Amino acid sequence: MKTLIKAARIIDSQSEHNQTTQDILVENGLIVGIGVGLTATDARVVELPNVCVSPGWVDLRVRAGDPGHEHREDLQTLAAAAAAGGFADVALMPNTQPALDSKDTIGYVRRATQGLAVRVHPLGAVTKKCEGHDFSEMIDLHHAGALAFTDGDRPIENPDVLLKALQYLRQIDGLLMNRPEDPHLARFGQLNEGITSTLLGMKGIPNLAEELMLARDLKLLQYALLATNYQPNAPILHFSTLSTRRSVAMVREAKAAGLPVSCDVAAHQIAFDDTVMLGFDTNYKVNPPFRTPDDVAALWEGLADGTIDAVVSDHHPLDEESKNLEFDLADFGIIGLETAFAVLNTHNSVLTLNQLIDALTHAPRRILRLPAVRIAQNQPARLTLFDPDAAWTFEKTKSKSKNSPFFGIPLKGKVYEIIA
Amino acid sequence: MASNQLSVRHLLGIKNLSADDVQLILDTAREFKEVINRPIKKVPSLRDVTIANVFFENSTRTRLSFELAEKRLSADVVNFSSSSSSVKKGETLLDTVNNILAMKVDMIVMRHSSPGAPHFLSDRIRANVINAGDGTHEHPTQALLDSFSIREKLGDLAGKKVAIIGDILHSRVALSNIFCLQKQGAEVMVCGPSTLIPKYISSLGVKVSHNVREALAWCDVANVLRIQLERLQVKYFPSLREYSLYFGITKTMLDQLDKEIVLMHPGPINRGVELTSDAADSPHSIILDQVENGVAVRMAVLYLLAQQ
């Protein structure tokens with residue numbers, strides 16, 4: 001099986017061909033030729049206007065309803081949405097029913113997605129049922145294929161659990177991911193705490209809820225490393241979907257102090273501020289909530305200076321019964337796989353295209369300890385083909401769910417396909 | 001020149017009204033107040049209009065007040081009450097309301113525990129929606145009747161000082177009153193324990209105080225709110241005893257002020273908590289006028305929305 005991609009601009013900061021326009025010949029999953037004027041017999045020829053090619057994108061944070069809520073998203077539709085969004089690898093949150101807290105469920109995800117172009121990597125639950133109490137068998141889950149550990153949507157509330165998990169994962173050089181949010185401060189919160197929440201008469205989720213747990217986690221990490229000679233060569237604590245200026249500053253300081261941490265931001269987080277909630281549209285209801293324009297600006301600064309490593313879709317499929325409701329009864333979440341790149345690209349005014357793509361490919365790959373991918377001769381061909389300038393409107397989704405605020409909104413930057 | 005039509009199809013909140021809308025409603029209410037004090041209190045304005053009062057939260061006076069207003073306007077009235085508004089317990093809000101509308105209802109008066117529930121409905125149904133209180137968000141007809149009552153007592157609201165005292169955080173009455181008073185040029189202060197004042201409330205252009213004597217000294221009108229014990233999901237203050245000691249209002253406090261002061265309360269009063277009985281029943285109080293005016297104001301709202 002051969003594929004010949006004609007006249008593609010290579011966007012890969014790790015490749016000697018970066019920012020050059022080349023033909024790329026792929027055969028049996030390998031890049032066998034890069035050059036100008038390549039020809040091949042029996043090859044599928046891909047000729048697309050203004051096409052760019054980069055190493056396949058990686059999403060650190062997606063959810064499916066499989067197992068448990070297959071009507072929201074099964075693993076096949078998840079993979080289809082990922083492919084449509086340009087993602088060749090996705091990391092699946094363990095908040096399924098049952099949770100990904102056993103060899104069985106990890107094995108189920110791997111078997112159910114075997115042979116798909118998109119690789120669905122299960123993330124193991126830190127604690128059983130992601131409830132924050134008893135540890136799941138993390139080493140066993142690791143050997144069953146869990147790439148990293150997190151309680152997903154559930155922040156790890158108990159500091160002792162987080163500390164012990166960090167210490168325990170050292171044996172496998174494992175990665176712990178936490179979404180920092182103090183559940184007591186965030187309790188009953190519906191949107192960002194601020195002028196908008198005051199106007200709407202709803203309880204807000206203060207920035208402090210995120211920052212307090214983030215500060216705590218950094219202290220716990222320092223303590224876990226204290227008096228050890230452990231020098232991990234990749235981040236061992238990752239913060240998911242940061243949303244505030246102070247959070248970015250704290251991670252920036254932690255990195256400067258040499259702590260092995262990384263973090264990400266959701267693509268939709270840098271597109272909106274909390275004033276979009278004034279119409280009570282539950283499609284904007286998401287956690288972390290949309291914050292202020294100043295927070296959004298800080299998130300962009302964090303991306304530009306590398307404090308924020310990766311951009312995630314935070315894909316969260318929800319059925320109509322969970323969304324077409326009174327605001328406070330509706331669930332939090334947005335489907336983001338198909339729009340993540342375009343949303344990021346549309347709102348971007350600070351990142352170079354290389355920086356933007358790095359946050360979608362090299363950084364998340366390194367965080368997840370996936371093998372590096374680079375566009376070069378004899379390297380594995382996991383590629384995303386896209387046009388950063390194409391204008392389009394999100395109208396149809398491959399997902400089973402439709403909870404997105406982006407339907408009907410003009411976007412810039414379109415994914416053509418993945419080759420994987 | 002003020003229009004004789006509202007700029008909105010629904011009464012979702014005071015926030016969505018223009019200053020002219022507020023004036024129009026209050027002026028119209030004055031005419032209806034005259035009507036309900038006649039021997040024959042009924043007018044045919046809403047004949048053949050069917051109104052459903054849909055209450056997903058307990059209410060006595062608001063529901064009664066709406067029902068009376070509707071009947072005085074000769075509307076056909078149906079009532080639906082259910083204490084469970086959660087979809088988890090059965091039918092969704094949209095299904096419930098669509099079932100009622102299928103029976104050819106023209107207007108829906110709704111109270112619901114979810115902020116934005118009337119907005120949710122108004123986006124999805126054709127009937128006029130009137131918000132009779134949505135959670136901790138707005139209670140527009142209460143704010144309108146409060147303004148009407150102040151105007152009746154003190155005249156034009158421009159430049160008047162109104163202190164709203166009590167649990168501001170959980171109060172839909174407070175938010176609607178802030179919007180309503182400001183649209184008429186009044187100055188507003190909110191006063192209560194600091195845990196019951198929304199952190200960003202001063203961004204709405206109101207003064208903030210945590211000293212009830214200071215608030216009383218400042219204002220022309222004190223609108224005292226009910227401590228919403230049933231709506232407090234977590235602890236905001238230690239006890240009702242301490243609340244009444246430090247934030248409760250007594251007749252002595254009112255008498256000691258060297259000025260006229262108007263005392264209001266949206267009801268139901270927790271006697272002995274936010275107001276002592278002698279304060280609530282004192283000549284300063286216009287609490288029962290508020291109730292009477294509620295009918296007239298709601299007649300005005302229903303009448304004007306029915307023209308849309």
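**Exercise 1.** List which residues of helix 1 of chain B meet which residues of helix 11 of chain B.

*Solution.* The model is predicted; local features need pLDDT of at least 70, side-chain atom pairs count only at pLDDT 80 or more, and totals for chains, interfaces and linings use all residues. Residues are numbered from 1 along each chain as its sequence is written, chains are lettered from A and ligands numbered from 1 in the order in which they are written, and side-chain values use heavy atoms, with hydrogens and water left out.

Step 1. Contact means heavy atoms within 4.5 Å. Helices are DSSP runs (H or I, at least four residues), numbered from the N terminus.

Step 2. From helix 1 of chain B come B:Leu24, B:Ile25, B:Thr28, B:Ala29, B:Phe32, B:Lys33 and B:Ile36.

Step 3. Their partners in helix 11 of chain B include B:Glu292, B:Ala296, B:Ala300, B:Tyr303 and B:Leu304.

**Exercise 2.** How do helix 1 of chain B and helix 11 of chain B pack?

*Solution.* Step 1. The axes are 8 Å apart, at an angle of about 120 degrees. Axes are lines fitted to C-alpha atoms, for helices over the stretch in contact, and angles run from 0 to 180 degrees between N-to-C directions.

Step 2. Helix 1 of chain B is therefore oblique to helix 11 of chain B. (Under 35 degrees counts as roughly parallel, over 145 as roughly antiparallel, 65 to 115 as roughly perpendicular and the rest as oblique.)

Step 3. Their crossing is right-handed, that is, the near helix is turned clockwise from the far one by less than a right angle.

**Exercise 3.** Describe the aromatic pair of B:Phe32 and B:Tyr303.

*Solution.* Step 1. Rings of Phe, Tyr and Trp (its six-membered ring) pair if their centres lie within 6.5 Å; planes under 30 degrees apart count as stacked, over 60 as edge-to-face and the rest as tilted. The structure holds 15 such pairs over all chains.

Step 2. B:Phe32 and B:Tyr303 are 5.4 Å apart, centre to centre, with 70 degrees between the planes, and the pair is edge-to-face.

Step 3. B:Phe32 lies in helix 1 (residues 19-36) and B:Tyr303 in helix 11 (residues 287-306) of chain B, 271 residues apart.

Step 4. B:Phe32 counts as buried at 7% relative accessibility, whereas B:Tyr303, at 27%, is partly exposed. (Buried means under 20% relative accessible area, exposed over 50%, partly exposed in between, with a 1.4 Å probe and protein chains only.)

Methods. Helices (H or I, at least four residues) and strands (E, at least two) are DSSP runs, numbered from the N terminus.
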